[in-house]
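Subject: Structure handover and findings

Hello,

Please find the structure below. My notes on it follow.

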Amino acid sequence: MGLLKVGKPLHWNDSLEHCHYIRRHGVLQFMATYRRLRHLANDRLFYGDEIEYALLKIDSANKRVQLSLRGPEVMEGLRKQEQDMNAFRGCAWHQEYGSWMLEGTPSLPYGGYTMSLVSVEQNMRLRRGRLLSVLREDEIAPTLVTFPLMGVGDFVDPSAPPGGEASQSEFVPDTCINPHPRFATLTGNIRRRRGSKVDIRVPLFKDVNTKEFEKEAAPDIHMDCMAFGMGCCCLQVTFQASDIEESRLLYDQLAVLAPIMMALTAATPVVKGRLAATDVRWNIISQSVDDRTPAERGEGESKPEPRMAGAGTRRQSKSRYDSISCYIHPGSKAYNDIACEIDEETEKMLYQEGVDEALSKHISHLFTRDPLVVFDGHVELDDDQSTDHFESIQSTNWQTVRWKPPPIPTNACSPHIGWVLSSHWLADRVPVNGGADDDFENAAFTAFIVIVTRAILVFNLTLLCPLSLVDENMKRAHGVDAVRRSKFWFRKHILPDDTDEVMQQLCPQQGPKVESKSSFEEMTMDEIMNGKSCYFPGLVPLCYAYLEHIGCDENSFKRLDQYLKLIKDRATGELMTPATWMRSFVHAHKDYKMDSVVSETIAYDLVYACSDIGLGKRPCPELLGEVLIEPVLKEGQYETPLFGEKLGPEDRRGLLQKIMSRAAQCDGTFSAPSSAHMRRQSSGAVSGLDAVSRQGSIEIREHGGYVG
């Protein structure tokens, strides 16, 4: 998560004197990268996924579940095992904000072939299995978006009182924050810059016995620290584009899909022990890292501080964590119809460098923010050899899509990385999180996004909508069961102009394709994904068309077809979202009192059910249809090396003695135990086999038979 450095991070008051320097030199670092690599072209498609896991401690006797604050310890153990294995295809493990969290990625990116889309699920299962193998007997690690009891009572192990210097929370102890000094400093500096604790409000779900509605018309669930937001887990997908042009084009297209995918993967109906009147996590995180002063939020006056960006008084229409405020491809300019604050000094510098208007606006918008974490002694850097100041701003602007310039290689052996973009919205996740919690769904949405990007490029599609409509879709995506209850603004004609004549013949009722307000209409999720009338083909059919176009191999297509069917059925409402499944689970629980309260026993059963679904122990046709998840086991998750070292005499004699004493007469001396013998051995029935003649065993083998 973000830029991690070794060193002492500065308190906000001490970092203020460096803010302008870091902002200015962050822009210079970007310009140096842009100057050096803007002509980089013909990079291959590589992509990867990131999944965040939550460690939970289970008390089965008392039906109690808590956060297990062993994330860093578990991460180091997993890293050591990966290092010892030195396998070509493995896993990589990274720190996350919460001390109960860790992030898993493939050790190497996936390549641009259809088989790689299937290998995504295999690697996700490998990660889950390896994590399972290092957990204690009383721990589980589901890919839940939020822990249902976050901020409720004594919810952490080891136990700790709420609050601390970093968060000053009434509900959450600072021990929940990852011990790396960056994270506590980030938490504290957001609060200090803002001038108060963060104020997170989520509407409470109204059930028949929800008492709060007796006193208030619209009660909410109140949270007060960063951990409530940055403690949410998700799935992210990152792509390497062919060149800077392609990266900017796909950035804009994927930004339109953000609210659509967020609704499809909704998985956050329970917050702080209560049922919420929303299904996704986005607004929770947005509020949890909102460092804007009252003046920047438009909620009052603030004393100008000249060392801060915009003196801390320039109006900022969005939090640092929000939907994008401008498209970045030159051809998308006409759809920028919302407020997008810029830093004039930054924009002037970029114009002088020759950066085009669209990209200058994007970078200038990012640099209306201050750096939140400054490391002592790490301020004056070589702008041609470092991008740390650029990343200190870029990595703390958490938008639905992030555009990433190539990093500077750390040494001669560093892998080549081109122009990259990543999606942060599969995050309610493309995890399946909460309710589903399985890697089949994680892999399905990862594959879908990859295929959609290829279809956009190959078929020259455009999904562009005015950003005001994208933001409206973001609001609608938060609603309860938005997939079935809401409509979303979408472009009616996404095929290129050179198909107009053919489309007029095939679909006369589509009318003239003129760019205007009528070019966009409200569609159901079913229509967006599966098509509407004859003029809108639907994203899932376009994925099938792309796979047919490239001649997808039969083995890959078999699994990809299941992925696309999951998305098709989710869009029609035939299959539930994880959020809907979780609501149903809570409502059906024997302890639920129809009061919007998710009690400790309900939370215990819920997280256990989610864990069992992810491990393949519990079928869930409401979420996955006919797909059955193959069980994930903790055994056998690491490859066994084929050692070639010669045994010493004593070890050799011991091994031979072990083999000879283990084999029964029916197996023959020195034979490996047959499956039948192993079954007999496990049942304690081996002793009775002495009556079987070894000669008979030999005769069977000579005639081609198999003993057992």
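A search of the whole structure finds ten cavities of 30 Å³ or more. A cavity here is a set of points on a 1 Å grid over the protein atoms alone, where a 1.4 Å probe fits but cannot get out. Grid points are joined across faces, edges and corners, and a volume is the space filled by probe spheres set on the points. The second largest cavity holds about 90 Å³ of space. It is lined by 13 residues, and Thr146, Phe147, Met150, Phe228 and Cys232 are the closest to its centre. Lining residues have an atom within 4 Å of a point. Helix H6 (227–230) and strand S12 (270–271) are the elements that give two or more residues to this lining. By type, the lining of the second largest cavity has ten nonpolar residues, two polar and one charged. Nonpolar covers Ala, Val, Leu, Ile, Met, Phe, Trp, Tyr, Cys and Pro; charged covers Asp, Glu, Lys and Arg; the others, Gly among them, are polar.

Some conventions before the rest. This is a predicted model: local features need pLDDT of at least 70, side-chain atom pairs count only at pLDDT 80 or more, and totals for chains, interfaces and linings use all residues. Residues are numbered from 1 along each chain as its sequence is written, and side-chain values use heavy atoms, with hydrogens and water left out. Helices (H or I, at least four residues) and strands (E, at least two) are DSSP runs, numbered from the N terminus.

Salt bridges next. The rule is a side-chain nitrogen of Lys or Arg within 4 Å of a carboxyl oxygen of Asp or Glu. The count comes to 45 salt bridges.

- Arg130 and Glu82 form a salt bridge, with the closest N and O atoms 2.8 Å apart. Arg130 sits in helix H4 (residues 114–134) and Glu82 in helix H3 (residues 71–85), so the pair links distant parts of the chain, 48 residues apart. Arg130 counts as buried at 0% relative accessibility. Glu82 is buried too, with a relative accessible area of 12%. Buried means under 20% relative accessible area, exposed over 50%, partly exposed in between (1.4 Å probe, protein chains only).
- Arg559 and Glu121 form a salt bridge, again with the closest N and O atoms 2.8 Å apart. This pair links helix H19 (residues 554–572), which holds Arg559, to helix H4, which holds Glu121, across 438 residues. Glu121 counts as buried, at 8% relative accessibility.
- Arg570 and Glu441 meet in a salt bridge at 2.7 Å, N to O. Arg570 is in helix H19 and Glu441 in helix H13 (residues 439–459), 129 residues apart. Arg570 counts as buried at 0% relative accessibility. Glu441 counts as buried at 0% as well.

There is also a network of salt bridges linking Arg23, Arg193, Asp291, Glu296, Arg320 and Asp370.

Now the sheet. Four strands form an open sheet in the order S7-S2-S3-S8, with mixed pairing. Strand S7 (139–140) and S8 stand at the edges, each with a single partner strand, so one side of each is left without a neighbour in the sheet. Two strands pair if DSSP finds at least two bridges between them. Strand S2 (residues 56–59) and S3 pair in the antiparallel sense over four bridges. Lys57 has Gln66 in S3 as its bridge partner. The hairpin of S2 and S3 has four residues between the strands, and Lys63 takes a positive phi near 50° there. S3 pairs with strand S8 (residues 156–157) in the parallel sense, over two bridges. Ser68 has Asp157 in S8 as its bridge partner. Strand S3 (residues 64–68) is mostly covered, with four of its five residues buried.

Two further sites.

Helix H14 (residues 467–477) has these buried residues: Leu467, Leu469, Val470, Asp471, Asn473, Met474 and Ala477. Their cover includes helix H7 (244–264), helix H8 (282–288), helix H15 (482–485), strand S18 (487–491) and strand S19 (520–524). Contact means heavy atoms within 4.5 Å.

Cys534 lies in the loop between helix H17 (525–530) and helix H18 (539–550). Cys534 is partly exposed, at a relative accessible area of 29%. Cys534 and Cys507 are 27 residues apart in sequence and 5.6 Å apart in space, C-alpha to C-alpha.

Best regards

Methods. 1 Å grid on protein atoms, 1.4 Å probe; cavity = no way out; pocket = protein on both sides within 12 Å on 5 of 7 lines; lining within 4 Å.
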